[in-house]
Amino acid sequence: MMNDSLFSLVCAGEIFELKAELNSDKKEKKKEAVKKVIASMTVGKDVSALFPDVVNCMQTDNLELKKLVYLYLMNYAKSQPDMAIMAVNTFVKDCEDPNPLIRALAVRTMGCIRVDKITEYLCEPLRKCLKDEDPYVRKTAAVCVAKLHDINAQLVEDQGFLDTLKDLISDSNPMVVANAVAALSEIAESHPNSNLLDLNPQTINKLLTALNECTEWGQIFILDCLANYTPRDDRESQSICERVTPRLSHANSAVVLSAVKVLMKFMEMLPKDLDYYGTLLKKLAPPLVTLLSAEPELQYVALRNINLIVQRRPEILKHEMKVFFVKYNDPIYVKLEKLDIMIRLASQANIAQVLAELKEYATEVDVDFVRKAVRAIGRCAIKVEQSAERCVSTLLDLIQTKVNYVVQEAIVVIKDIFRKYPNKYESVIATLCENLDSLDEPEARAAMIWIVGEYAERIDNADELLESFLEGFHDESTQVQLQLLTAIVKLFLKKPTETQELVQQVLSLATQDSDNPDLRDRGYIYWRLLSTDPVAAKEVVLAEKPLISEETDLIEPTLLEELICHIGTLASVYHKPPSAFVEGSRGVQHKRLPGSSAAGVSEAPPAVIPSQGDLLGDLLNLDLTPPTTTGPPPPSSGMQMGAMDLLGGGLDSLVGYLHSTMGAGFGAPPAAMPASFTAPVSGGLDDLFDLGGGVGMPMGAYSPPKTVWLPAMKAKGLEISGTFARRAGVIQMEMTLTNKAMSVMTDFAIQFNRNSFGLAPAGPLQVLTPLSPNQSIEVTLPLNTVGPVMKMEPLNNLQVAVKNNIDVFYFSCQYPISMLFVEDGKMERQVFLATWKDIPNDNESQFQIKDCHLNSDAASNKLQGSNIFTIAKRTVEGQDMLYQSMKLTNGIWVLAELRVQAGNPNYTVICTCVLYMYLQFNNINIIIIPAA
Amino acid sequence: MIGGLFIYNHKGEVLISRVYRDDIGRNAVDAFRVNIIHARQQVRSPVTNIAHTSFFHAKRSNIWLAAATKQNVIMVFESLYKMCDVMAAYFGKISEDCWTPKENTVLTGNILDFGYPQNSETGALKTFITQQGVKSQITSQVTGQIGWRREGIKYRRNELFLDVLESVNLLMSPQGQVLSTNVSGRVVMKSYLSGMPECKFGMNDKIVIEKQGKGGRSEDGGKSSKQSIAIDDCTFHHCVRLSKFDSERSISFIPPDGEYELMRYRTTKDIILPFRVIPLVREVGRTKLEVKVVIKSNFKSSLLAQKIEVHIPTPLNTSGVQLICMKGKAKYKASENAIIWKIKRMAEMEESQISAEIKLLPTNDKKKWTRPPLSMNFEVRYLKVFESKLNYSDHDVIKWFVTSDEVESTRCAADAAGADEKKEGCPVTSSSSSSLLLFLLSAL
């Protein structure tokens with residue numbers, strides 16, 4: 001208990017007393033005193049004042065006492081750096097002690113003393129311990145390298161500890177291997193490019209051998225490390241999978257999850273028709289289900305991970321619906337997660353059972369759970385068409401219960417059902433209208449108003465109903481106000497005679513009495529539409545709405561891929577990438593599944609253009625969007641645009657804007673280089689170099705391979721893939737349009753949003769013949785750069801709208817900056833020299849290109865094809881330095897220095913620029929720094 | 001990796017705080033207390049992010065354990081549980097007194113180093129704490145391949161005890177239809193063997209067993225009386241060689257000394273319930289409740305169920321209970337809010353019944369009684385040893401823990417039932433010391 005004598009230390013008097021005891025001659029008394037000190041320390045009390053006295057007790061041969069003193073040192077050395085030096089000698093001595101326990105203890109404690117001054121004294125003892133004969137000491141020393149790296153990374157590199165650590169991977173003791181792997185993985189995280197964990201088939205083999213023999217935690221370290229390896233071919237990944245699968249029957253669920261991660265990742269490499277692929281799928285299900293019988297906390301973690309797995313590979317658990325049924329004594333967090341997975345697994349085959357369960361859940365006690373269950377019923381209706389009828393009747397039953405929050409939730413989902421199956425279940429409207437008065441949540445009110453507006457022609461007293469809402473118009477939330485405005489306009493268009501007064505009332509309320517700009521804008525638009533062209537108004541407001549998608553709440557695919565790579569870690573529980581919750585540069589590497597189509601295509605998700613819910617969607621009143629995934633909000637930059645217009649010259653303002661924003665962000669460029677941009681470097685520039693590798697091939701500008709910009713799913717069957725190229729000084733957008741719909745597509749047109757470099761189509765889209773189903777057409781669209789300018793994020797983002805006879809579709813893509821390098825980008829030598837010198841040193845930015853096996857001349861030739869001109873070349877100490885210049889279409893000059901060392905495949909690039917700019921260079925981010 | 005480890009008592013007072021990494025500030029200890037322990041609402045997630053620090057937390061008998069981190073780490077719940085196990089093994093139970101700093105401060109240093117979980121073998125850690133500076137083989141033991149067993153163990157009598165504990169979960173619809181059943185079993189071993197014994201444990205899953213029941217099988221009709229049972233999945237203690245299990249389906253291991261859980265298994269197919277429990281609940285007005293529970297045994301003649309205990313939950317506002325039971329003893333326990341009905345033994349095809357009249361205090365609480373599920377425990381002694389050459393003596397205890405869950409609120413309980421699996425366990429005395437070959441052919 002807390003009144004234990006060891007815990008009762010509080011006041012200064014006692015500190016004094018302890019001091020006396022610590023300095024006592026009697027060993028027993030000393031020991032007791034140290035224990036008391038540690039007791040206070042572990043409960044979080046401050047006993048740092050006793051530092052010198054405790055350190056004096058360090059010289060002892062009593063192991064127990066030594067352990068306690070070391071524990072004290074770990075906690076307080078940092079607050080007393082000068083005193084800590086006193087301890088160094090003892091550490092050095094203890095590292096030579098005949099007892100391996102003491103050696104290990106010393107080396108463990110040493111690493112925890114986070115005092116810069118004394119780290120260098122510790123290198124020698126650490127070096128010895130890394131080569132100690134006792135594996136226990138070696139494994140402790142391996143972790144100590146990671147600790148030291150955390151304090152002083154440079155020192156660890158200089159002292160060559162990293163190499164020693166790498167050697168430990170081949171150690172005979174599995175535990176040492178595991179700890180070395182853990183330490184290296186952690187160090188590698190802060191050096192994404194360092195290639196520390198050089199995983200090759202040999203090391204993989206060693207790791208797999210150690211996997212069978214080390215402790216459970218060691219197995220986790222090794223499995224996590226394996227997950228970062230990319231096998232060369234499917235055979236290798238199969239053999240790794242075969243050796244990892246036995247881990248699925250481990251009792252430790254963390255081991256199981258790590259093994260699942262490795263398997264999920266390597267499965268991507270396996271061809272689907274392989275027998276082994278099917279076997280593996282079958283093997284994955286039972287362990288995942290078993291995780292659900294563990295402790296509730298673990299169940300939660302398992303469920304969050306299963307949620308990801310089910311989205312990626314629904315076939316694994318499709319027959320296991322029953323295990324996700326909620327149990328009476330599950331904690332609420334387990335219940336909610338189970339419910340989520342149940343909906344994902346719902347299919348025609350099991351829908352009856354699922355619905356029966358959901359109906360039970362809707363009568364539970366926990367409000368959140370009940371709400372989610374009601375919502376789930378609606379989602380089932382949308383997902384499984386055959387069940388829609390039963391779902392609707394279940395929802396109606398629930399509405400009859402008159403439980404307030406159940407009714408509201410049901411109305412919200414019924415609105416979605418109406419959207420999915422228009423004109424099918426209107427008979428229930430009457431029941432819904434009965435509950436009008438009990439709705440007090442904005443979402444439910446808005447949903448109800450939407451329904452009334454949408455089906456105004458079938459509700460006799462629609463005008464009365466809406467009028468009743470109008471009374472308290474100003475007290476409603478914006479959502480409801482917007483809904484009400486639209487619903488009344490719809491009503492007016494449907495029954496113009498009776499409701500003229502009402503529509504005038506709402507328009508004046510929205511435009512004159514409201515200070516919400518959204519509401520006012522929408523009000524004005526309707527007003528003008530109605531007053532100028534009622535027919536057009538009808539076409540706009542009562543237009544047919546796009547159907548809502550079946551699957552809802554799906555995680556965006558690129559994020560899902562990343563999260564799959566993080567199974568079993570915090571990221572998989574939060575369903576967020578590590579960069580979202582880890583501070584600093586650590587751990588922000590983006591992991592990708594091997595061999596997947598999305599790998600390395602685009603940094604930003606392509607779906608930044610609002611699919612629904614904005615602009616057009618707003619007018620069509622679709623802002624009550626179903627729970628679909630929405631991308632980041634579109635750049636709404638009214639302010640910026642205004643500023644730009646005032647300044648007149650698009651470029652000037654762009655520069656000014658960049659100055660102000662980038663100045664803060666990149667104050668210390670080389671140091672602040674984010675890890676995220678160094679990672680993809682190896683990809684893109686290499687492409688640039690590798691291109692035209694064939695002999696005698698004409699040097700042309702680099703053009704990335706075509707990628708899918710607009711998937712058919714999002715555009716009613718129209719798929720657009722494309723790329724950009726610069727041919728003979730003209731920027732071209734090369735697209736393949738594929739019709740995957742059932743009907744013929746005609747009347748194509750294209751338009752760009754404002755963008756950073758003023759790209760605009762130089763002519764109309766040349767699709768002359770109608771595009772019949774399953775037909776593809778190649779289109780080349782010449783571009784010019786005289787269009788309106790607006791800064792985009794990222795800079796090379798281009799938002800495109802394509803229209804055909806069916807609809808207008810939006811997508812965004814990113815063009816390679818190299819496309820904008822103009823042919824007269826060769827700077828005069830003198831000018832180059834002067835400009836280069838003018839650039840302050842601290843504005844330089846540096847990065848490395850990996851594994852490029854070209855000599856400097858070949859590189860220079862190749863780059864020239866992309867209008868990157870070599871101005872001068874210098875050779876210093878076997879290093880070729882190429883000085884290069886390029887000019888962008890808007891007249892900005894970029895200067896670069898490329899260092900090539902013969903035999904070393906890594907290039908160093910130093911970039912400078914006449915302006916602050918953040919460019920995306922074929923997928924490579926380069927920070928280009930100004931010459932002031 | 002883990003940046004800090006905090007242990008609190010139920011009041012939120014810190015028992016242990018260890019910070020392994022610099023990124024966890026000292027205020028993290030308080031942040032957790034304020035946001036989780038002292039938060040008024042229910043725990044909505046065992047993983048929470050407070051001010052950019054993620055906390056994994058679990059509560060074990062009044063003790064809060066929390067691991068804090070700022071990085072993307074692997075799940076560490078297992079290590080928290082292990083820590084509890086170690087404490088329980090060392091002190092006999094987990095309570096506040098366990099966390100006096102004498103031993104555990106050193107202990108936590110051995111479990112986690114720089115936030116990396118290191119060692120969680122109970123036996124080895126015990127040696128760590130107790131040994132006093134003597135140069136021992138502990139270092140080679142904990143880093144070696146067999147970290148869970150020390151060398152040189154000697155017993156005069158070599159003994160091995162095996163318990164099979166099963167719990168049956170049953171989910172029933174309000175209409176009485178069985179939605180899902182599953183059996184999760186644990187094989188718990190107590191080994192007192194000398195040297196480094198190599199043990200083998202056979203499992204005859206997918207075996208086809210001849211049904212013994214002859215009478216009362218008419219409903220099976222023309223169906224064959226053979227039946228196969230498959231295990232859905234099993235997990236093993238760290239000591240079992242998993243790769244060998246994967247390739248040969250044989251469980252081979254060098255056991256730790258003392259008690260441990262060798263394996264867990266799970267099965268869902270073809271479960272015949274040994275008992276049927278039929279509850280009837282009738283609400284008579286607002287202050288009275290009538291409950292009637294019937295249990296019927298439904299297993300074959302050679303078996304006998306013993307120490308049957310039925311746990312019938314009652315509403316919170318119960319003021320008094322009147323009980324009439326045909327067999328056994330029943331008692332209302334106010335502290336557990338339940339009626340405990342104990343029957344010493346029950347043979348095949350027997351039926352027994354209890355009826356209770358529960359008086360309720362009138363409340364104005366609108367929340368209706370959620371009707372928690374009924375649960376039932378019993379033991380079955382059953383043994384079949386196929387290996388007669390080794391002198392096995394035949395005592396065995398099989399404990400069946402049966403819990404039933406239900407999704408439904410109109411009934412008081414669902415069927416509580418055991419499974420059709422027959423488990424046999426046996427304590428084994430063997431004369432061979434170091435290579436004891438144990439064949440346990442259980443009809444899993």
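Biologist: How does B:Asn337 count by relative accessibility?
Modeller: The model is predicted, so every value here is computed from it. Under 20% relative accessible area is buried, over 50% is exposed, and in between is partly exposed (1.4 Å probe, protein chains only). B:Asn337 has 21%. By these cut-offs B:Asn337 counts as partly exposed.

Biologist: What rules apply to numbering and to confidence?
Modeller: Residues are numbered from 1 along each chain as its sequence is written, while chains are lettered from A and ligands numbered from 1 in the order written. Side-chain values use heavy atoms, without hydrogens and water; totals for chains, interfaces and linings use all residues, side-chain atom pairs count only at pLDDT 80 or more, and local features need pLDDT of at least 70.

Biologist: Where is B:Asn337, and what is its phi?
Modeller: B:Asn337 is in the loop between E20 and E21 of chain B. Strands are DSSP runs (E, at least two residues), helices are runs of H or I with at least four, and both are numbered from the N terminus. The phi value is positive, in a residue other than glycine. Phi of B:Asn337 is near 55 degrees.

Biologist: What is phi of B:His52?
Modeller: B:His52 sits in the loop between E3 and E4 of chain B. B:His52 is partly exposed, at 47% relative accessible area. Its phi is positive, though the residue is not glycine, and is near 65 degrees.

Biologist: Which strands each supply at least two residues of the positive patch?
Modeller: The patch holds B:Lys329, B:Lys331, B:Lys333, B:Lys342, B:Lys344 and B:Arg345. Patch residues have over 30% relative accessible area and no salt bridge, with like charges joined within 9 Å and nonpolar side chains (Val, Leu, Ile, Met, Phe, Trp, Tyr) within 5 Å. Lys and Arg count as positive, Asp and Glu as negative, and His and the chain ends are not counted; each charge is placed at NZ of Lys, CZ of Arg, CG of Asp or CD of Glu. The strands are E20 (329–333) and E21 (338–346) of chain B.

Biologist: In strand E21, what is the relative accessible area of B:Met346?
Modeller: Areas come from the Shrake-Rupley method with a 1.4 Å probe, and for residues only the protein chains shown count as cover. B:Arg345 in strand E21 is partly exposed at 47%. B:Met346 lies in strand E21 of chain B too. B:Met346 is buried, and its value is 0%.

Biologist: Which residues form the negative patch?
Modeller: One member, A:Glu467, is in helix H25 (residues 462–470) of chain A. A:Glu467 is partly exposed, with 40% relative accessible area. The patch is formed by A:Glu464, A:Glu467, A:Glu471 and A:Glu501.

Biologist: How many salt bridges are there over all chains?
Modeller: Side chains of opposite charge can pair when their charged atoms come close. A salt bridge here is a side-chain nitrogen of Lys or Arg within 4 Å of a carboxyl oxygen of Asp or Glu. By this rule the count is 41.

Biologist: Which residue pairs with A:Glu297?
Modeller: The salt bridge has an N to O distance of 3.9 Å. A:Glu297 is in helix H17 (residues 296–312) of chain A and its partner in strand E4 (residues 53–60) of chain B, so the pair joins two chains. A:Glu297 is buried, at 8%. Its partner is B:Arg60.

Biologist: How far apart in sequence are the parts tied by A:Glu426 and A:Arg458?
Modeller: Their side chains meet in a salt bridge (3.6 Å, N to O). A:Glu426 is in the loop between H22 and H23, and A:Arg458 in the loop between helix H24 (442–454) and H25, so the pair ties together parts that are apart by 32 residues.

Biologist: How many disulfides does the whole structure hold?
Modeller: A disulfide is a pair of cysteine sulfur atoms within 2.5 Å. The sulfur of A:Cys144 has its closest cysteine sulfur in A:Cys112, 7.6 Å away, so that pair is too far for a bond. A:Cys144 is buried, at 2%. Over all chains, the number of disulfides is 0.
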